[in-house]
Amino acid sequence: MSAAFQLAARYVLRHRLQSVLLAGALGLVFALPFCLRVLIDHAQRELRARAAATPQIIGARGSALDLMMTALYFKRENLTPLPFGTLAELRQNPSAAAIPLHVRFQAQQAPIVGTELDYFAFRGLRLAAGKQITRLGDCVVGANLAKQRGLQPGGHVFSTPELAFDMAGVYPLKMRVNGVLAPNGTPDDDAVFVDLKTSWLIEGRSHGHDDLKKDESVVLKQEEHNIVGNAAVRMFNEVTDANIASFHFHGDIAAYPVSAVIVLPQDAKAEALLAGQFARSKDRQLIRPRDEMESLLAQLVRLEGFAASALLLTATAALLVTALVFALSFRLRQREFQTLEDVGVSRRSLLTVKVLEIVFVGFAAVVLGLLLLMLASFAAPHLLRWAL
Amino acid sequence: MQRIVRMSDPSGLHVTDLRFAYPGDSFRLHVPGLKLAAGQALALAGPSGAGKSTLVRLLTGLLTPNAGQVRLGSAQIDTLNREQCRAFRLQHIGLVFQDFALLDYLSVTENILLPHQFKGSAGALTRKKAQELAERLQIDRYLDKRVSQLSQGERQRVAVARALVHEPRFIFADEPTASLDPSRGRIVVDLLLEDARQRGACLVMVTHDPNLLPLFDQTVRMEDLLNA
């Protein structure tokens, strides 16, 4: 090992805190554009894959982006709901299948998705444990959610009221966990799935209570075809085998809300016909998630361009600051270099010492930068899930 | 790679009509003639500011004279360029600086071996020599310590060991006992004299201590050389 190498290594090691700080700052600045690229690549891949797997979505007319984010990522975007009757209308078309989604409530931040069993087949979701939804009040939960909350078949999940202090509002529903889904790396892993009717039950469109015919003390008045209960009537907040018969719906089910309908046309012709049919509708819209996602990603790429320019400027500034730091450091150490010259060390050896110090810090910066890049690759799926 | 200046006659120090002045300063130094044979020791004595350190720098090529000649062995120092001067110092000169000029982030051993490292000759024999010198100078307990952790006196002795470890033909020591108590100072001076005489090296030492002057073969009083 040459004397210059040894001397430079000694200096860097003896001043390791300063060296690591400098290398860390450099590594961070130079790794950031690459980390950004890794994160955006991952996001684009994931978003495109989810969009491409969903041919068409129908919802009330409004923001196409909100409709897509609700149907694909279960975001509660305050969509105007579609009447459930739309589904019946769609199902008259033999060349397309339709799957309803009702996304309004949450179970402690996890979205509750009201749907039908077809959804699981469509997304290829398998059960890792337990059974499918068998009756009102049942749910199956995504793999991540089950892991985070320690949920297993036989356990329970509560729906979260929309307004905690609204005493007249909807009560939380205690849902029975019937099954846990196998992980599939999509937002389905973080959701609670219930039957569409259960989602209406959470919304208060259905309820179960004591039988008024069996207990006169809870009857307020009796009409010809109707019995009106008083405030003592016990409302059920859990569906059990004993009380399931008491649950009933009021009003016209065709008018009940759904957030969106996923449409699966048989072929391109059916897809085109449906698109034409809904293009003329004033209150409903049909979107192709693939197209909507591409326009969203185009915005993202434009933003990335701005971010990359800003990072490039930052990197240039960091490079200049680093050069200044080294220049100042060498200036402050002038006496030390003079000593080496006085002892007889050649200018060339001194230059080698200085260059090697810069190389060591640069090498440490590259290593730290690569570690950051690896961290970004590892964290990308988690960050995307958190961001969405 | 250091360029090595070969000495065909490494036998002594010769100064002829040496003149030096700092630009814009009234200070004038003139050495009409000075000879020091191999194995002999010369003391430079005089008050502060008399130019003792300046003369040492002129003799070692760290300063270039305005006129005159400085010959160390067969090498005429005043005619060498800077790189040749550096190579000569690395090979043939041992220097003890007034401010020790040690590198704080290196250990005592690393500081002592520094000239050897850059000569590419820091082998087992050199390490043994460094150990011996450290023992003589009573700093062998601190060999693995950083010099920043040592006292002034200990640092001064490390500087002396560094100057001697590569067995130079010329030793220049600028007040090497300034930070030492009399007994340790005497140990250092004895070591420098013994090393020079045993190996046939020339020793030039700056000192303020009149008690040390009888130990040297020659003494130059700086007052005699100023503004002459």
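1. What share of the contacts in chain B with a separation of 6 or more comes from residues 24 or more positions apart? The model is a predicted one, and in it such residues account for 74% of those contacts. Chain B has 228 residues, of which 47% are buried, and its secondary structure comes to seven helices and nine strands.

2. One sheet of chain B is open and has five strands in the order β6-β7-β8-β3-β9, with parallel pairing. Its edge strands are β6 (93-96) and β9 (218-221) of chain B, each of which pairs on one side only, and the twist from one strand to the next averages 15°. Within this sheet, strand β7 (residues 170-174) of chain B is joined to strand β8 (residues 202-207) of chain B by five bridges, the two running parallel; Asp174(B) has Val206(B) in β8(B) as its bridge partner.

3. Helix α7 (residues 182-199) of chain B packs on that sheet, where it touches β3, β7 and β8 of chain B, and its direction makes about 160° with that of β8(B). Helix α1(B) also lies across β3 (41-45), β7 and β8 of chain B, running at about 155° to β8(B).

4. The other sheet to consider is an open one of four strands in chain B, ordered β2-β1-β4-β5 with antiparallel pairing. Because β2 (28-37) and β5 (75-76) of chain B stand at its edges with a single partner strand each, one side of each is left without a neighbour in the sheet. Strand β4 (residues 67-72) of chain B is joined to β5(B) by two bridges, and the bridge partner of Leu72(B) in β5(B) is Ala75(B). Helix α1 (residues 52-59) of chain B lies across β1 (12-21), β2 and β4 of chain B, at about 120° to β1(B).

5. The largest nonpolar core holds 91 residues, and those touching the most other members are Ala161(B), Ile171(B) and Leu203(B). Helix α2 (residues 16-52) of chain A gives the most to this core, with nine residues. Leaving aside residues up to four places away in sequence, Leu203(B) touches Ala41(B), Leu42(B), Ile171(B), Leu192(B), Leu193(B) and Ala196(B). A second, separate core of 54 residues includes Val113(A), Ala146(A), Val177(A) and Leu201(A).

6. At the interface, 15 residues of chain A are in contact with 17 residues of chain B. On the chain A side, the elements giving two or more residues are α1 (3-14), α10 (334-343) and α11 (347-387) of chain A, and the residues of that side divide into four nonpolar, five polar and six charged.

Technical notes
Residues numbered from 1 in each chain as written. Chains lettered and ligands numbered in written order. Predicted model: local features only at pLDDT ≥ 70, side-chain atom pairs only at ≥ 80, totals over all residues. Contact = placed C-beta atoms within 7 Å. Nonpolar A, V, L, I, M, F, W, Y, C, P; charged D, E, K, R; others polar. Buried ≥ 20, exposed ≤ 12 C-beta atoms within 10 Å, placed from the backbone. Core = buried A, V, L, I, M, F, W, Y, C linked by C-beta atoms within 7 Å. Pairing = 2+ DSSP bridges. Axes fitted to C-alpha atoms, helices over the stretch in contact; angles between N-to-C directions.
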